[in-house]
Amino acid sequence: MSTVKAPSEGVFYRRPAPDADPYVAEGGHVDAGQTVGVIETMKTYSQVRAESSGTAAHFLLSDGEEVRTGQNLLEVDDE
């Protein structure tokens, strides 16, 4: 199992827009390099990408929560 970590601090969002589907759902497949969320810092959005392929096992925080650099965001069951 691996963990996707926040590359910066800000507000974490699991979807590209409030009315859009999430980038990835728990239990869904993710590929290495795939966007799993974004972090907004002062109106600038940075993509959060999975480092390995596998299954998105569990998001460790809710959509819209503030995060710190290096904070764990998502557990991935590696392939």
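Trainee: Where is Glu 79 found?

Mentor: Keep in mind that we're looking at a predicted model. Strand β8 covers 72–78. Glu 79 is found in the segment after β8.

Trainee: Is Glu 79 buried or exposed?

Mentor: A residue counts as exposed when its relative accessible area is over 50%. Glu 79 has 71% relative accessibility, so Glu 79 counts as exposed.

Trainee: Okay, on to the strands. In what order do the strands of the sheet with β8 come?

Mentor: That sheet is open and has 4 strands, with antiparallel pairing. Its edge strands are β1 and β3, each pairing on one side only. Reading across, the order is β1-β8-β6-β3.

Trainee: How many bridges pair β1 with β8?

Mentor: Strand β1 takes in residues 2–5, and its pairing with β8 is antiparallel. One place to look is Lys 5, which stands opposite Asn 72 in β8. The number of bridges between β1 and β8 is 4.

Trainee: And which residue in β8 is the bridge partner of Thr 55?

Mentor: Strand β6, residues 54–59, runs antiparallel to β8, and 5 bridges join the two. Thr 55 has its bridge partner in β8, and that partner is Asp 77.

Trainee: Which residue in β5 is the bridge partner of Val 38?

Mentor: Start from strand β4, residues 35–41, which is joined to β5 by 6 bridges and runs antiparallel to β5. Follow Val 38 across to β5, and the bridge partner is Gln 47.

Trainee: Where does Met 42 lie?

Mentor: Met 42 is worth a look: its phi is positive, about 50°, although Met 42 is not a glycine. Met 42 is also exposed, because its relative accessible area is 77%. Met 42 lies in the loop between β4 and β5.

Trainee: What is the phi of Lys 43 near?

Mentor: Lys 43 also has its place in the loop between β4 and β5. With a relative accessible area of 70%, Lys 43 counts as exposed. Its phi is positive even though Lys 43 is a residue other than glycine, and the value is near 70°.

Trainee: Now for charges. Which side chains meet in a salt bridge?

Mentor: Side chains of opposite charge can pair when their charged atoms come close. A search of the whole structure finds 1 salt bridge. Its N to O distance is 3.7 Å, and the side chains that meet are Arg 15 and Asp 63.

Trainee: How many residues apart are Arg 15 and Asp 63?

Mentor: The pair links distant parts of the chain. Arg 15 is in the loop between β2 (10–13) and β3 (29–30), while Asp 63 is in the loop between β6 and β7. They are 48 residues apart.

Trainee: What is the relative accessibility of Asp 63?

Mentor: Arg 15 counts as partly exposed, because its relative accessibility is 26%. Asp 63 counts as partly exposed too, and its relative accessibility is 35%.

Note on methods. Residues are numbered from 1 along each chain as its sequence is written. This is a predicted model: local features need pLDDT of at least 70, side-chain atom pairs count only at pLDDT 80 or more; totals for chains, interfaces and linings use all residues. Side-chain values use heavy atoms; hydrogens and water are left out. Buried means under 20% relative accessible area, exposed over 50%, partly exposed in between (1.4 Å probe, protein chains only). Two strands pair if DSSP finds at least two bridges between them. A salt bridge is a side-chain nitrogen of Lys or Arg within 4 Å of a carboxyl oxygen of Asp or Glu.
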